[in-house]
There are 2 protein chains.
Amino acid sequence: MKPVFSNRAKNIRASEIREILKLTSRSDIISFAGGLPAPDCFPIDQLKGISKEVLQDMGVEALQYNATEGYLPLREKIAKRMQKQGMDAKADNILMTSGSQQGLDFSGKIFTDPGDIVLCESPSYLGAINAFKAYGAEFVEVDTDENGMIPEDLEAKLEKYDRVRMIYVIPDFQNPTGRTWSVERRKALLSLAKKYNKVVIEDNPYGELRYEGESLPSVYALDKDDLVVYLGTFSKTFCPGLRIGWVCASDEILNKYILVKQGADLHSNAMAQRELSLFLDHYDFDAHIDRLVKLYRHRRDIMVDALDKYFPKDIKYVKPEGGLFLWLEVSDKIDTKPFLQDAIKEGVAFVPGNSFFPNGGVDNGMRLNFSNMDDENIEAGMARLGALLKNL
Amino acid sequence: MKPVFSNRAKNIRASEIREILKLTSRSDIISFAGGLPAPDCFPIDQLKGISKEVLQDMGVEALQYNATEGYLPLREKIAKRMQKQGMDAKADNILMTSGSQQGLDFSGKIFTDPGDIVLCESPSYLGAINAFKAYGAEFVEVDTDENGMIPEDLEAKLEKYDRVRMIYVIPDFQNPTGRTWSVERRKALLSLAKKYNKVVIEDNPYGELRYEGESLPSVYALDKDDLVVYLGTFSKTFCPGLRIGWVCASDEILNKYILVKQGADLHSNAMAQRELSLFLDHYDFDAHIDRLVKLYRHRRDIMVDALDKYFPKDIKYVKPEGGLFLWLEVSDKIDTKPFLQDAIKEGVAFVPGNSFFPNGGVDNGMRLNFSNMDDENIEAGMARLGALLKNL
């Protein structure tokens, strides 16, 4: 048969990048391409005892159908952690999702009709762009500097486009740039969102991974008008394989997410939620995050040092205060997409920056991940990349 | 703020039924409402050893980001089981999903635009109706008897409606009616799907739970033209809490499901997939299903006997040859939706049949689940329901 797909499915295509990056699972490639956390800190041994305990003490509940909202004790612990971070969150306002990617997908589904506009940072997270595109959303990029979206440009775009339905932001250690918004910019975003009655989707996968400087209040923490939908995840602070994320939003908005979750997959893995809940009971999660922070800070420093040592002098980069990524702009004579092919031949991979601009246009960017490789591989990979760039 | 939702999100509302059924989690209620498998057969003890083994032998892979398609050894074992059931399936044509509900959601996303039509049995599965509605699909019910959709009516509707995009069927022990399609009807469905170039979504959660009679080939097994997308799940044969389902389809179609999965939640829980894979290695899965079959057959018989014993003589029902549900039509003077309120006051719950007709119209149906309650509760609940009906 010749299958007839929906208009939205016709728009969903595999990115060329994804095909290239499939090569990077080869063990001889040093990959700075993914966003993988370091397995060194995965709670493997702790989970051995915990999974047995879950099965022993609540085996039936962990294996039976569960409420769509998720496991209440876990939602209560997440609410408490959010409160400690200055956010006014209650368990009733939290829905467990399959990673925060599912929260992004639901946001697209709940807020955008085909042709509607999402305002986003320039550049922005590829996975969010793809999730929203699947619902026919279009993207208008807001001018963004090292402090976040520029309010004047944000307002100009809110004025210009009447079909804006969401403002999507990653204010802490942004993906791909590693940049962090100033408090002033966060407040300016909220005041414009209020003025134009737009929902803000705040994606915060990396906020707890800060390597220096002081933590800033999330946009959700500063919001007094129920403007913000907050997306959280344990993929970077616990592990991604169990797919545990959450959405926190006002009653009216969260109710839509719950109904959408019910139609999408009924509920998230019930055993994994209980395992995480017991982990939070039995272990010091802040100490666990401290270990991650120490490891990733060290790896970031190795990568930044290698930039200075091996790369041409005309590159531009921002040293990120947290998160997993370093963003680099090389000479504007270089298009990093064909350059990736050269790099892979030399056994190194990264993600070309162009992929992160929903409307294209910037060809000399590179996103480098520093969390997943050990010192030696970071050094070796960066030396190869630097030499290649110098030879161009 | 006053949130502005997408048109599709405006259409998603909590069903009244769901609100009523929330009451049924009260422990003093005998609930025939859900579709819960019996926890008596959950593999709790086996999973204690298996989860430790997964963490010991492949802890990093189980907790790290995984390929969207799912864990290859599990997909290979599923392909083998499908082959044993007469289906021409390869691991490459299988995508792991978060329960088969996610396969339904993706089917709506991939094949329907707002206003497109899904042809379905009358009545049909509520969760599928809700999943497809979220994409703006409309439903045309095809006349259905004890052997499945009536081909003449199916063809009439394929002729009449030019926006038909999917034919959604549950040929084995259908939800809610418990009916099973004859082989002739399966073949007629395929020949019409071919003639009109329509995709068939075959939802088969109960096929392996047959209590008498001979297994029939799935529609997928009979298909020679890549017309069928097959949705499978381990929710009824293993356990639902781990959320393990799959989609099997031709390369071209499966590729869309993979891309949609990537945007929806990247991949399914990686640890759960490995646990199930080891369970299939270490234990005799067919023997496990045999135990389920014995238990459910017994419970079905208790329920059917109770119908004869306690219910008015003017009821109509089909004794299901498998699955989890018994479908009942009471006197057409009775509307089972208000009757549910009376039943709950007496401590018994069921799902009123009307919910399963996407366009409404049949008010005297009831769906009763027999898998989740023990003999005593089935007997007691049926006695109460019967007495109430006789008093009306």
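Is B:D281 buried, partly exposed or exposed? At 45% relative accessibility, B:D281 counts as partly exposed. Here buried means under 20% relative accessible area and exposed over 50%, with partly exposed in between (1.4 Å probe, protein chains only).

This is a predicted model, in which local features need pLDDT of at least 70, side-chain atom pairs count only at pLDDT 80 or more, and totals for chains, interfaces and linings use all residues. Residues are numbered from 1 along each chain as its sequence is written, chains are lettered from A and ligands numbered from 1 in the order in which they are written, and side-chain values use heavy atoms, with hydrogens and water left out.

Start with the partner of B:D281. B:K77 forms a salt bridge with B:D281, and the closest N and O atoms are 2.9 Å apart. B:K77 sits in helix α4 (residues 72-84) of chain B and B:D281 in helix α11 (residues 270-282) of chain B, so the pair ties together parts that are 204 residues apart in sequence. Helices (H or I, at least four residues) are DSSP runs, numbered from the N terminus. B:K77 is also partly exposed, at 22% relative accessibility. A salt bridge, in this account, is a side-chain nitrogen of Lys or Arg within 4 Å of a carboxyl oxygen of Asp or Glu. Side chains of opposite charge can pair when their charged atoms come close.

By this rule there are 41 salt bridges over all chains. One of them joins A:K309 and A:E379, again with the closest N and O atoms 2.9 Å apart. This pair links distant parts of chain A: A:K309 is in helix α12 (residues 285-310), A:E379 is in helix α14 (residues 375-391), and they are 70 residues apart. A:E379 is partly exposed, at 23% relative accessibility. Elsewhere in chain A, a network of salt bridges links A:R81, A:K84, A:E208 and A:D286.

Now turn to the interface. The contact (heavy atoms within 4.5 Å) takes 83 residues from chain A and 83 residues from chain B. The area buried between the two chains is about 6,900 Å², and carbon and sulfur atoms give 57% of it. A:M1, A:L63 and A:Y65 supply 11% of the area that chain A buries against chain B, more than any other three residues. Buried area is the accessible area (1.4 Å probe) that two parts lose on being put together, summed over both.

Polar pairing crosses the interface too. The rule finds 49 residue pairs in polar contact between chain A and chain B, both at pLDDT 80 or more. A polar contact is a pair of N or O atoms within 3.5 Å; within protein, one must be able to donate a hydrogen and the other to accept it, and residues adjacent in sequence count only if both atoms are side-chain atoms.

The rule also finds four salt bridges across this interface. B:D105 pairs with A:K109, with the closest N and O atoms 2.9 Å apart. This pair crosses from helix α5 (residues 99-111) of chain B to helix α5 of chain A. B:D105 is buried, at 3% relative accessibility. A:K109 is buried as well, with a relative accessible area of 3%. B:K109 and A:D105 also meet in a salt bridge (2.9 Å, N to O).

How are the two chains related? Chain A can be laid on chain B with an RMSD of 0.0 Å by a turn of 180° and a shift of 0.0 Å along the axis. That is the relation of a two-fold axis. Copies are superposed by least squares on the C-alpha atoms of residues with pLDDT of at least 70 in both. Of the interface residues of chain A, 100% are also interface residues in chain B, so the copies meet through the same surface.

Terms used
Helices (H or I, at least four residues) and strands (E, at least two) are DSSP runs, numbered from the N terminus.
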